[in-house]
Amino acid sequence: MDERIFFPATERNRDAIADVLSEVLPQSGIVLEIASGSGEHGVIFQTRFPNLYWQTSDPNPSYRKSISAWIGHQGLSNKMPEPIDLDVEKTPWPLSLELRSSLKAIVCINMIHISPWKCTNALFKEAGNLLKKNQVLILYGPFKIDGEHISESNFRFDQTLRARNSLWGVRDLDAVSEIGTKNRFNKRKIVHMPANNLLVIFELKK
Ligand SMILES: C[S@@+](CC[C@H](N)C(=O)[O-])C[C@H]1O[C@@H](n2cnc3c(N)ncnc32)[C@H](O)[C@@H]1O
């Protein structure tokens with residue numbers, strides 16, 4: 001049985017995301033991806049960055065099965081680690097000593113608007129505990145800027161999210177940055193991405 005899940009958006013955004021990641025990720029070590037979902041991003045990034053180990057994770061067992069299936073399907077089983085069962089709120093995150101010591105960056109795509117706000121807090125707090133000075137936490141997704149949506153489609157998406165779950169919603173970049181600051185992260189760079197998404201690079205100060 002093929003357990004791969006297909007998220008159509010990943011095909012549309014993966015190359016643009018990988019292009020920005022290529023400018024910011026380190027040359028070696030482990031990158032931890034939070035909320036990997038189907039695993040389609042993970043296998044593409046592992047292939048694009050062969051000198052890194054791409055560590056996927058997700059709390060949803062069906063998604064973890066999909067990630068494993070994608071790893072096998074792409075012939076990456078000898079290189080890429082199996083996904084970790086990781087819920088950002090359950091701290092400390094269940095990372096091996098090797099992963100902790102070789103961790104170089106954390107990437108989180110399309111999670112903070114589809115989870116309660118406390119998950120964003122937990123993400124920054126634990127990322128701050130795990131990363132070292134000048135290492136980065138990279139977020140991708142839709143954001144409000146100065147409290148305003150940057151497109152009509154983001155506004156409608158936000159309404160749909162909130163209708164599904166009142167604790168979800170497109171986050172304001174200033175509010176996210178404030179949580180970053182509380183956890184010793186500086187906003188290093190904001191990149192405007194296709195389809196009104198942003199990629200935001202947060203760097204640990206010390
Ligand atoms: C919209 S999907 C995005 C998946 C993938 N990153 C992508 O862009 O295709 C949201 C993901 O967030 C994950 N998620 C939700 N709450 C989470 C939590 N508390 N900790 C970690 N991941 C979470 C879900 O399991 C799901 O995989």
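## Basis of the model

Two strands are said to pair if DSSP finds at least two bridges between them. Helices (H or I, at least four residues) and strands (E, at least two) are DSSP runs, numbered from the N terminus. This is a predicted model, in which local features need pLDDT of at least 70 and side-chain atom pairs count only at pLDDT 80 or more, while totals for chains, interfaces and linings use all residues. Residue numbers start from 1 along each chain as its sequence is written.

## The sheet

Six strands form an open sheet in the order S2-S1-S3-S4-S8-S7, with mixed pairing. S2 and strand S7 (185-193) are the edge strands, each pairing on one side only. From one strand to the next the twist averages 20 degrees. (Axes are lines fitted to C-alpha atoms, for helices over the stretch in contact, and angles run from 0 to 180 degrees between N-to-C directions.)

Strand S1 (residues 29-34) pairs with S2 in the parallel sense over four bridges. The chain reaches S2 from S1 by way of helix H2 (residues 40-48), and this β-α-β crossover is right-handed: with the strands pointing away from the viewer, the path from the first strand over the helix to the second runs clockwise. S1 also pairs with strand S3 (residues 103-109), again in the parallel sense, over five bridges. Leu32 has bridge partners in both strands: Gln55 in S2 and Ile106 in S3.

In a regular strand the side chains alternate between the two faces of the sheet. In S2 (residues 52-55), Leu52 and Trp54 point one way, Tyr53 and Gln55 point the other way, and all are buried. A residue is buried if 20 or more other C-beta atoms lie within 10 Å of its own, exposed if 12 or fewer, and partly exposed in between, with C-beta atoms placed from the backbone.

## Strand S4

Strand S4 (residues 136-141) is largely enclosed by the rest of the structure, because six of its six residues are buried. Val136, Ile138 and Tyr140 point one way, and Leu137, Leu139 and Gly141 the other.

S3 and S4 run parallel and are joined by five bridges, with Cys108 opposite Leu139 in S4. Together with helix H5 (residues 117-130), S3 and S4 make a right-handed β-α-β unit. S4 and S8 run antiparallel and are joined by six bridges; here Gly141 stands opposite Leu198 in S8.

Gly180 lies in helix H7 and is buried, with 25 other C-beta atoms within 10 Å. Apart from residues up to four places away in sequence, Gly180 touches Phe124, Phe185, Lys187 and Phe202; contact means that the C-beta atoms of two residues, placed from the backbone, lie within 7 Å. The C-alpha atoms of Gly180 and Phe124 are separated by 6.2 Å, although the two residues are 56 residues apart along the chain.

Lys206 is in the segment after S8 and counts as exposed, with 6 C-beta neighbours inside 10 Å. Leaving aside neighbours within four places in sequence, Lys206 is in contact with Lys133 and Arg184.

## The ligand shell

The ligand is surrounded by 21 residues, of which Ala35, Gly37, Val88, Asn110 and Ser115 are the closest. A residue is near a molecule or strand if its C-beta atom, placed from the backbone, lies within 6 Å of it. The shell divides into 10 nonpolar, eight polar and three charged residues. Ala, Val, Leu, Ile, Met, Phe, Trp, Tyr, Cys and Pro count as nonpolar, Asp, Glu, Lys and Arg as charged, and the others, Gly among them, as polar.
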